[in-house]
Amino acid sequence: MLIAPDNLAARLLDGLKPLYVIHGEETLTKLEAADAIRMAARKAGCSEREHFVVEAHFDWSLVTQSSDNLSLFATQRIVEITVNTARPSTDAAEFLAGIAADPPPDTLFIVTLPKLDRAATESTWFTACDRAGISIMAPLVEREALPRWVKARLGVYGFDGSREVVELICERCEGNLLAAKQEIEKLSLLVNPGKLDVDDVLGAVADVARYDVAELSEAFLRGDLPRYGRVLTGLQAEGEQAPRLSWQLSEDVHALGSIFMA
């Protein structure tokens, strides 16, 4: 069953599944989803945890042996598998399909994967996992969705942020969701819950935004000069070299020229 990260808490209250598959690009979402599952599993009596990190040429028999050897002192446990390869190998697919078809007793699996393409999400192994457990997709929180995310996260700590306050936090944390979480947590330690003003944010939230050259190009082509200046300053602070930025600007100018001369 595929669910959104926001619906995970409600699903966990309905009871635990033997298998959870978390996939996507947003690191913070994946970390928080795994934390929520882990906490619910511990409350349900899972007192042991094993973690396997899968790189190229990983020996999947290690996980199989672990699943077959229950501790004498703990009857329930969590087995976490973090797959770092761009696409699960044949061995990985066979293993995941196997545990989906016949989950080991008293074992809860949390499998974390990178972003999966359509071929992967329509594969036999993924379909089997989705049918046996719950899959959680963690897409990147893009710029357009960031204000909603910030507003909701401020609400968790009892803050009422105006549009101006939310936009300021977005400017300072764009492209760095984990840092945004940490800055809002820091804000909660320095400012009492309630209505936030701009001065509160300026005094507590550091500028931890991260940009790439594509965002510089997008701002230029939109004619958004304030954002163009912010992105340019951020790229320069991160050590981006001037020749690459100049080349991108020239490419954008040529693109505009070809449109107007067509």
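**Helix pair**

I looked up helix 7 (residues 146-156) and helix 8 (residues 163-173): they pack at an angle of about 110 degrees, and their axes are 9 Å apart. Axes are lines fitted to C-alpha atoms, for helices over the stretch in contact, and angles run from 0 to 180 degrees between N-to-C directions. Helices (H or I, at least four residues) and strands (E, at least two) are DSSP runs, numbered from the N terminus. Helix 7 and helix 8 are therefore roughly perpendicular (65 to 115 degrees).

I listed the contact (heavy atoms within 4.5 Å). From helix 7, Leu146, Pro147, Val150, Lys151 and Leu154 meet Val166, Glu167, Ile169 and Cys170 of helix 8.

**Source notes**

The model is predicted: local features need pLDDT of at least 70, side-chain atom pairs count only at pLDDT 80 or more, and totals for chains, interfaces and linings use all residues. Residues are numbered from 1 along each chain as its sequence is written, and side-chain values use heavy atoms, leaving out hydrogens and water.

I read the strand order of the open six-stranded sheet as 1-6-2-5-4-3, with parallel pairing (at least two DSSP bridges between two strands). Strand 1 (2-3) and strand 3 (48-54) are the edges, each pairing on one side only.

I checked strand 2 (residues 19-24) against strand 6 (residues 134-138) and found five bridges in the parallel sense. Gly24 has Ala138 in strand 6 as its bridge partner.

I noted that helix 6 (residues 124-132) packs on the sheet and touches strand 1, strand 2, strand 5 and strand 6. The direction of helix 6 makes about 125 degrees with that of strand 2.

Conventions
Angles under 35 degrees count as roughly parallel, over 145 as roughly antiparallel, 65 to 115 as roughly perpendicular and the rest as oblique.
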